[in-house]
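Hi everyone, thanks for coming. Let me put today's structure on the screen, and then I'll talk you through a few spots in it.

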Amino acid sequence: MEEKKKLKKTTRSNLLMFGFVIAFWAVIQVISLTGHMTSKLNGLLIPVCAYIVMAISLNLVVGFLGELSLGHAAFMSAGAFAGVFFYTTVGAMLPKALSVLISFLLGGAAAGIFGLLVGVPVLRLSGDYLAIVTLASGEILKNVLSALYIGKDSAGLHFSLKDQFSLGLAPDGKMLVKGAMGIPGIQKFSNFTVGIVLILITLIYVVNLKNSRAGRAITAIRDDEIAARATGLNLTHFKLTAFVPAAVFAGFAGVLYALNYSSLVADKFDYNLSINVLVMVVLGGMGNIFGGMIAAILLTVLPEMLRGFSQYRMFIYSIVLIVMMLFNQAPALVAWRERLAARVKGGREEKNETADASYFEAKKDAKDKESVKEEN
Amino acid sequence: MALLEVTNLGISFGGLQAVAAFDMTIEAGHLYGLIGPNGAGKTTAFNMLTGMYVPSEGNIRLDGVDITGKSPEFICKAGIARTFQNIRLFKAMSVLDNVKVGMHNRIEYNMWHGIFRDKVFREKEHEMNKKAMNLLKVFGLDERAEYAASQLPYGEQRKLEICRALASDPKLLLLDEPAAGMNPNETQELMETVRKVRDDFGIAILLIEHDMKFVMGICEDITVLEYGRIIAHGDAETVSNDPRVIAAYLGGDDD
């Protein structure tokens, strides 16, 4: 019975999450069908979807695996460049739907491979070291992509990391990737429904992984590595089980994001973006997928709404961020919110609460005992 | 053939010989004690047996299989499970999930079964839940299955750690100071639990403990370590009357 109850509870909160995403989609559909869609809102839709996918996937690493990754933008970048490169070259000759689909798959694969390359050495580190190395690998990728030139002529593809002229293109040649100018001339593809589908796929993957054998292994490693080893878990394997899929989903998000604009530059995916996504995850509560989604929406929409304040924009943004952090994390405010929630729920749960209280008392006893032990 | 055969095991860290010439034979289904003053090398011996440390010399065989210097993962699969001196639970996870992690290598399914929540996933999870609840019931923790492990009082956390170790279906269970920080009542209760585990699960248990009443009360065979070397071995009676053991504990006048 206990088991069923638990299953019900997790399914209910998951259904709520999926319901929210679908409701979000429906509301936007209604707005656009009734002709109330502004171009500002329209322009935000795809970035919001991409950032939600980024926040959910980073939660896999930060929230569930408990490792601080500061290079999530790099995977987005790897995905975006691989996907868009295909889309603007081979994809241009294919039917659009097929071309988009393959772009997504290639973007995800490229990001996954990059994730594996970074992950294998990096996951031997932990804490600050891991954070710094992920940050560095992101910057490396950004700089390499900024210096990458690819051209094509009758003799085939030409690569260079120097400049446009060292490609040695024949007169009939065409530049495909222009270094710091990135990939120009993308035939925009922005489809909100595709964004929502991507969010749903990411959600299903992450939520189901979390509640399975592999997901338990990942959270066990987060809670205590030594105990996890002694329990027979293969640390490297399960760290990669969290890290690589997170990179793949970031790659999908990168393709979605990049196809929304007419050109793609590597500078866009710098550490600022990584930090922004991390802020979304922390603000939403580490390991809290739904919270991360809400934070992703707010933090993408907010800077746009503050544009009217011109130079004070980032100032106000920072203040709002601090207030939101306090509201979410400050103990006094958390307690106040819980009291409020309890009042809303009514006396129905009262019985449960007393059980909890007696349990906290027991917990306190245990703590006292520990401190006595330390004194000894 | 004995369950565990340890011969001439030793390890040194830099110039320090932490454990040397450590021999031990454990029969299936028996209860063994490993005692000694602080810093004698008891936990170091545990760490070598479980693969946390790679021994510098010697040999460990479990059920005839050589496990010397193998990874903790391998050794856990081979059938040795342990608890820790300072409790190491998966704190943020539920009590039930802690036990289910313990079953990791006993009930397996591929990650994709979990992603697609197919029939294999549902069956295996059901099997895990059933087994885990049965285990928790043995320790009286079944009512707490949904609590976070960190919410349990100290004594129950100790029990949960044993429970998690048992979930991996071991042939040999190593308990590192299971009674540390417990009051006499809890210690008494724990003694009964340990005995019950041995009887019900039919496994061998090796425990480190400072509480002499506890060790003398339940261990059939006791090994005493001092400065990394075995100074005495035998049943409770023999060990407690050994002059070297008395000297080690009460401080000898032979210096």
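Predicted model: local features only at pLDDT ≥ 70, side-chain atom pairs only at ≥ 80, totals over all residues.

Let's begin in chain A, with Gly138(A), which sits in helix 5, residues 127–146. Is Gly138(A) buried or exposed? Gly138(A) counts as buried, because it has 26 C-beta neighbours inside 10 Å and the cut-off for buried is 20 or more. Which residues does Gly138(A) touch, if we set aside those within four places in sequence? The contacts are Gly71(A), Ala73(A) and Ala74(A), along with Tyr271(A) and Ser274(A). There is also Met76(A): 62 residues separate it from Gly138(A) in sequence, while their C-alpha atoms are 9.9 Å apart in space.

Now over to chain B, for the hairpin. Strand 9, residues 221–226, runs antiparallel to strand 10, residues 229–234, and five bridges join the two. One of the bridge pairs is Glu226(B) with Arg229(B) in strand 10. Two residues lie between the strands, and Tyr227(B) in that turn has a positive phi of about 50°.

Last stop, the interface. Here 33 residues of chain B are in contact with 32 residues of chain A. On the chain B side, the elements that give two or more residues are helix 2 (72–78), helix 3 (95–102), helix 4 (111–116), helix 5 (119–138) and helix 6 (154–167). Sorted by class, that side of chain B has 14 nonpolar, nine polar and ten charged residues.

That's my tour, and I'm happy to go back to any of it.

Notes: Residues numbered from 1 in each chain as written. Chains lettered and ligands numbered in written order. Helix = DSSP H or I, 4+ residues; strand = E, 2+ residues; numbered from the N terminus. Buried ≥ 20, exposed ≤ 12 C-beta atoms within 10 Å, placed from the backbone. Contact = placed C-beta atoms within 7 Å. Pairing = 2+ DSSP bridges. Nonpolar A, V, L, I, M, F, W, Y, C, P; charged D, E, K, R; others polar.
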